[in-house]
Amino acid sequence: MEKKTKIKVRDLHLYYGENHALKGVNMDIKDNSVTAFIGPSGCGKSTFLKTLNRMNDLVDNVRIEGNVYLDGEDIYDENVDTTVLRKKIGMVFQQPNPFPMSIYDNIAYGPRVHGIKDKEKLDQIVEESLRGAAIFDEVKDRLKKSALGLSGGQQQRICIARALAVQPEVLLMDEPTSALDPISTAKVEELMEDLKKKYTVVVVTHNMQQAVRVSDDTAFFLVGEMVEFGDTKTVFSYPKDKRTEDYITGRFG
Amino acid sequence: MTTEAVVKSRPVVSAGSITKGRRRPTDVLAYIGIYASAAFSVLLLVGIIGYVLVKGYSMISWSFLTGVTSVLNDTVGIAGNILNTLYIIVLTMLIATPIGIGAAVYLNEYAKPGKLVTAIEFATQILSGIPSIIFGLFGMIFFGQTLHLSYCILTGALTLVLMVLPLVIRNTQEALKTVPDSYRQGAIGLGTGKWYMIRTILLPSAMPGIITGVILAIGRIVGESAALLFTAGSDGMLPITVKQFLDKIFASGGTLTIQLYLSMSKGQYDVAFGIAVILLVIVLLINMLTKLLARRFDVHTRE
């Protein structure tokens with residue numbers, strides 16, 4: 001059965017001042033799937049990821065042309081409320097960045113922002129989110145302790161739980177395992193498999209094996225251009241473009 | 001043949017015994033010099049504190065701390081001055097803290113980096129280096145005469161607000177700069193509004209720095225005399241009723257340092273030393289309080 005398209009990107013260009021950082025990207029990201037972006041450093045994959053929930057708005061001097069549609073709605077429309085957009089499209093960063101507060105408050109932060117005050121509801125959301133990020137059992141006895149006392153891998157899963165707590169539809173992950181050890185990486189990868197049942201997951205990764213392991217679709221970026229996009233197995237087994245083939249066979253990058 | 005020649009021509013670094021010549025004369029000299037400097041600075045500090053304590057110790061008594069100076073009853077007391085000092089501290093910080101934090105948040109989080117921000121930062125830097133008597137002059141003319149407030153605690157407090165504002169702004173700004181950008185991004189990524197993010201993440205994280213700024217400001221207020229002499233006045237009476245206490249804001253009131261200055265100029269050195277002891281104790285307490293509060297509010301070390 002063909003999955004429906006969640007995010008549709010049409011002819012997206014992005015400029016940092018004079019620097020043309022994204023050159024006309026087109027892409028259909030499918031619902032309930034994991035889409036991976038691969039490519040060498042500085043190729044624009046993280047930049048592209050951030051255009052999907054307008055995190056680039058925070059950077060000075062950025063100019064964006066083209067369209068990004070979430071369920072058919074243009075997210076760069078001037079009437080878009082970015083707080084609602086970012087509630088729908090959550091984000092997990094490269095470095096785990098739990099807030100300097102308790103584990104509980106970290107997870108409850110998002111729901112509180114969006115107006116949930118009821119203690120019982122919050123308790124329930126916190127537990128569900130922590131379970132969703134496969135870390136509940138590890139932290140259930142220390143919810144009131146600072147999240148900064150956890151290991152890097154645990155912190156990253158706390159950040160995933162924090163993103164899940166606002167019940168997003170899409171989860172953007174910017175190299176979520178690059179700062180983690182192999183065991184934590186395996187846990188986060190396992191989690192992605194799980195997450196795609198409910199969410200649309202988009203993940204930037206440096207690690208091609210990871211893309212093969214976790215993703216349904218893969219996009220290959222090179223110096224601001226999206227070179228190839230398609231079913232992960234096809235991209236890795238029968239790349240259409242010579243540059244993709246060179247990259248995945250390790251000839252550069 | 002050739003290798004031998006090379007070995008022969010190589011200069012030999014002669015070390016001799018590894019235990020002989022351990023102490024070179026230059027090392028010993030440097031060692032003595034450094035220790036002497038350190039000892040001198042510590043002795044100076046201990047000397048001054050000790051001298052003040054010894055000279056002023058005998059003045060400290062219950063009546064000195066809780067009474068007022070009266071020629072009729074032949075008593076000497078600084079209760080009025082202690083109260084005035086607290087009054088001015090509270091009033092000044094009530095005004096300066098919110099404005100200072102607000103300005104710092106604007107400069108660091110809202111304003112786009114550019115000429116205006118650089119100019120404001122430059123101005124605050126200059127402002128904190130201005131001799132306090134100039135603030136006193138301005139305060140006396142502007143608040144005292146132009147605004148007709150005359151000599152009163154409010155005039156003094158407003159003058160001090162100008163003086164300590166740069167201190168609060170700079171410390172808050174430095175503290176905000178140390179909050180990692182990842183916190184900002186994390187919060188914005190959850191769909192947080194900017195002010196909510198500042199209120200719930202940035203300000204709590206910056207709290208130790210903000211508290212340090214506030215307490216440094218209090219320290220400057222406690223030690224200030226030049227800016228207050230011609231703004232807050234020198235009255236040392238103790239208000240008795242609540243109304244008197246509230247009216248005090250528009251009445252002349254001399255702080256401890258002002259009274260110290262007046263006592264010195266009248267040649268009452270024992271009283272001056274007595275006040276000096278109290279001031280030293282207050283400064284010491286403020287220092288300890290800073291450390292305690294900064295640790296208490298540090299979100300990064302909390303369990």
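Modeller: Let's take residues 148–169 of chain B: in this predicted model, the stretch is 77% helix and 0% strand, with its end C-alpha atoms 29 Å apart. The UniProt record, an unreviewed entry, lists 148–169 as "transmembrane region", along with 28–54, 86–107, 119–142, 201–222 and 271–294 of chain B. For another one from that list, look at residues 28–54 of chain B, which come out as 100% helix and 0% strand, with end C-alpha atoms 37 Å apart.

How far can you trust chain B? Its pLDDT averages 89, and 94% of the residues score at least 70. Within chain B, helix H7 (residues 153–177) has the highest confidence, at 95, while helix H1 (residues 2–9) has the lowest, at a mean of 54.

Is Ile278(B) buried or exposed? It is buried, because 21 C-beta neighbours fall inside 10 Å and the cut-off is 20 or more. Tyr57(B) is 221 residues away from Ile278(B) along the chain, yet their C-alpha atoms are separated by 9.6 Å.

Now for the partner. The predictor scores the complex with an ipTM of 0.87 and a pTM of 0.82. Chain A puts 23 residues into the contact and chain B puts in 17. On the chain A side, the elements giving two or more residues are helix H2 (82–88), strand E6 (89–92) and helix H3 (103–113). H2(A) supplies the largest share, four residues. By type, that side of chain A has twelve nonpolar, seven polar and four charged residues.

While you're in chain A, check strand E3 (residues 34–38), where five of its five residues are buried. Val34(A), Ala36(A) and Ile38(A) point one way from E3(A), with Thr35(A) and Phe37(A) pointing the other. E3(A) pairs with strand E8 (residues 200–204) of chain A in the parallel sense, over four bridges, and there Phe37(A) faces Val204(A). E3(A) also runs parallel to strand E9 (residues 217–222) of chain A, joined by four bridges; in that pairing Ile38(A) has Phe220(A) as its bridge partner.

Antiparallel pairing turns up in chain A too: strand E1 (residues 5–16) and strand E4 (residues 62–70) are joined that way by eight bridges. Arg10(A) sits opposite Asn67(A) there. E4(A) then pairs, antiparallel again, with strand E5 (residues 73–74) of chain A over two bridges, and Leu70(A) is opposite Glu73(A). Two residues lie between the strands of that hairpin, and Asp71(A) takes a positive phi near 50°.

Note on methods:
Residues are numbered from 1 along each chain as its sequence is written. Chains are lettered from A and ligands numbered from 1 in the order in which they are written. This is a predicted model: local features need pLDDT of at least 70, side-chain atom pairs count only at pLDDT 80 or more; totals for chains, interfaces and linings use all residues. Two residues are in contact if their C-beta atoms, placed from the backbone, lie within 7 Å. Ala, Val, Leu, Ile, Met, Phe, Trp, Tyr, Cys and Pro count as nonpolar, Asp, Glu, Lys and Arg as charged, and the others, Gly among them, as polar. A residue is buried if 20 or more other C-beta atoms lie within 10 Å of its own, exposed if 12 or fewer, and partly exposed in between; C-beta atoms are placed from the backbone. Two strands pair if DSSP finds at least two bridges between them. UniProt positions are given in the numbering used here, feature names are shortened, and annotations may be inferred rather than shown by experiment. pLDDT is the predictor's confidence in each residue, from 0 to 100.
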